[in-house]
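Below is a set of questions and answers on one chain. Each answer works from the model to a value or a name.

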Amino acid sequence: MRLFQFFAAVLVSIATVLLTTLELPASFALCVFVLFMILIGRYDQAYELIPNVYLLALFLSALGLSFLEAHLFKDVLWLLASFLVLMIVSLGAEFVFKKTVIGMGDIKLLSIMGMVLHEDILLLLLGACVLFIVSALIQRKNSLAFGPYIVISWFILHLGI
């Protein structure tokens, strides 16, 4: 676990350099983004937790991509709108089911995905839900981490795997 945290701190530093220099190509920001997507999926699968330091690095690399592609304002609006909608849905589900249905790490991860994917966030969420349901039926567990399914769905949607 400490190795993950150390690796995350190093990669946060790289993402910060990306934002401060802004002379690196967008492909570097995408590589950092993909790397953190993999780390988040693996960490959430192992510990059912998404560390904020990973989310921060993912956000910084997404912000770097947004700035390099010159549509920062639109992306930040999508981030805020995604977060607001997901919080309302989460609170509503918690009220109905009387337990936490989706964790804050998943909400923050999906919000960052909203920043990157815009309206395609709905396809990502649909894909993640389908993968989650199939996995839940196969594994028959009471609790499963949702982060890995978000990551897999992003790879399928964005990279065409």
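## Helices and their contacts

Q: Is S90 buried or exposed?
A: The model is a predicted one. The relative accessible area of S90 is 7%. Buried means under 20%, so S90 counts as buried.

Q: Which residues does S90 touch, not counting those up to four places away in sequence?
A: S90 belongs to helix α4. The C-alpha atoms of S90 and V101 are 6.7 Å apart, with a sequence separation of 11 residues. Leaving out residues up to four places away, the residues that S90 touches are I102 and I107.

Q: Which residues of α4 are buried?
A: S90 has a relative accessible area of 7% and is therefore in the buried class. With S90 in α4, the buried residues are D75, L79, S82, L86, S90 and A93.

Q: How far apart are the end C-alpha atoms of α4?
A: Helix α4 has 26 residues, and at 1.5 Å a residue these should span 38 Å.

Q: At what angle do the axes of α4 and α5 cross?
A: Helix α4 covers residues 72-97 and helix α5 covers residues 104-117. The crossing of α4 past α5 is right-handed. The two axes come within 7 Å, and the crossing angle is roughly 145°.

Q: How many nonpolar residues are in the contact of α4 with α5?
A: On the α4 side, the contact includes W78, L79, F83 and L86, and on the α5 side it includes I107, L110, I112 and M115. By class, the contact has four polar residues, two charged residues and, as the nonpolar count, 10.

Q: Which backbone oxygen does the side chain of S61 reach?
A: S61 is in helix α3, residues 52-68. Its relative accessibility is 0%, so S61 counts as buried. At 2.9 Å, the S61 side chain reaches the backbone oxygen of L58.

Q: What is the phi of E48 near?
A: Most residues other than glycine have a negative phi. E48 is in the loop between α2 and α3, and it counts as partly exposed because its relative accessibility is 45%. Its phi is positive, near 50°.

Q: Is H118 buried or exposed?
A: H118 sits in the loop between α5 and α6. Its phi is positive, near 60°, and the residue is not glycine. The relative accessibility of H118 is 10%, so H118 counts as buried.

Q: What span should the 13 residues of α7 have?
A: Helix α7 runs over residues 147-159, and its buried residues include Y149, I150, W154 and F155. Just after α7, G160 takes a positive phi of about 70°.

Q: How many helices does the chain have?
A: The pattern along the sequence is α-α-α-α-α-α-α. There are zero strands, and the number of helices is seven.

Q: What percentage of the residues of the chain count as buried?
A: Contacts between residues 24 or more positions apart make up 69% of those with a separation of 6 or more. The chain has 161 residues, and the share that counts as buried is 39%.

Definitions and conventions. Residues numbered from 1 in each chain as written. Predicted model: local features only at pLDDT ≥ 70, side-chain atom pairs only at ≥ 80, totals over all residues. Heavy atoms only, no water. Helix = DSSP H or I, 4+ residues; strand = E, 2+ residues; numbered from the N terminus. Buried < 20%, exposed > 50% of the residue type's maximum accessible area, 1.4 Å probe, protein only. Polar contact = N/O pair within 3.5 Å; in protein donor to acceptor, adjacent residues only side chain to side chain. Axes fitted to C-alpha atoms, helices over the stretch in contact; angles between N-to-C directions. Left-handed = near helix turned anticlockwise from the far one by under 90°. Contact = heavy atoms within 4.5 Å. Nonpolar A, V, L, I, M, F, W, Y, C, P; charged D, E, K, R; others polar. Expected span 1.5 Å × (residues − 1).
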